[in-house]
Amino acid sequence: MEAFNPDDWVGRTQTRVDQFSTSHVRRIAATFDLPALEEGQELPWLWHWCFFDDCADQRSLGADGHPRLGDFMPPAHGRNRMWAGSRVSFIQPLLVNAQAQRHTVLTHIEEKHGRTGALLFVTLAHEIWQSGKLCVREEQDIVYREPTPPKTGAGQALPETDWREAVTPDPLLLFRYSALTFNAHRIHYDWPYVTETEGYPGLVVHGPLTATLTLAAFSRANPLARVRAFSFRAARPLIAPATVHLSGRHDRHGHAELWASDHNGISQHATVEFD
């Protein structure tokens, strides 16, 4: 990996503007088999991840499908990228067909060593504003790992839960979510690349897609809950098209633990705070 000084990167800022257009929101709803939303309605939780994409030129994409690094993000060339987790606070509802601004600060860079080798952690702090109001605050963790075999073995067993539902994220769902987020990362749609180059046994389910499905399952099980905060962290990859169980339990008033798991155990941990 190209050497760099983290102090030269921490504190960098970026601002993007996007329109939560009814046409794009309609595509998101169709992907999740939900009714279309109209102008002025509240954007469902975590659907903001389908906006503010890089819009990188085709010629700027690396071999893995991600935009080449060294502009806003530090130069972690030769490593595999993973969205490892997020901590999201929902302050005001985001509205369909209204313009929004996302302000981002690169707040932290740290090199660690794990079972899969060296790991470069990059933390981004986002604020999303709409009509002059702060609506969403989020910290996002991106990890760049050395190109070693991914950890795909057995995970932690699922504990007792208060609700559980099953979903099968097939290649069609992965392709459509990649399109919604303008995400060209090849591990989600390119079978030869993901199995031969990155060493996974099959197509990898997007971490944010899993988190969105998990929070939606919570909302169906708790239809009166008003979500105030949500966080998730990845434990191990989900490989399509295995059946995924979206489950959770209330551990105290206004707080619940959530999990996404397959036959090998838990793949993603999450928490939700709600009224």
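These legends describe close-up views of aromatic rings in a predicted model. Local features need pLDDT of at least 70, side-chain atom pairs count only at pLDDT 80 or more, and totals for chains, interfaces and linings use all residues. Residues are numbered from 1 along each chain as its sequence is written, and side-chain values use heavy atoms, with hydrogens and water left out.

**View 1. W49 and F232 form an edge-to-face aromatic pair.** A search of the whole structure finds nine aromatic pairs. Rings of Phe, Tyr and Trp (its six-membered ring) pair if their centres lie within 6.5 Å; planes under 30 degrees apart are stacked, over 60 edge-to-face, and the rest tilted. Here the centres are 5.9 Å apart, with 70° between the planes. W49 lies in the loop between α1 (22–31) and β2 (80–90) and F232 in strand β7 (residues 227–234), so the pair ties together parts 183 residues apart in sequence. Helices (H or I, at least four residues) and strands (E, at least two) are DSSP runs, numbered from the N terminus. Both W49 and F232 are buried. Buried means under 20% relative accessible area, exposed over 50%, partly exposed in between (1.4 Å probe, protein chains only).

**View 2. F218 and F274 form a tilted aromatic pair.** Their centres are 5.2 Å apart, with 55° between the planes. F218 has 0% relative accessibility, so F218 counts as buried. F274 is buried too, at 16%.

**View 3. Ring pairs join F20, F51 and F52 in a cluster.**
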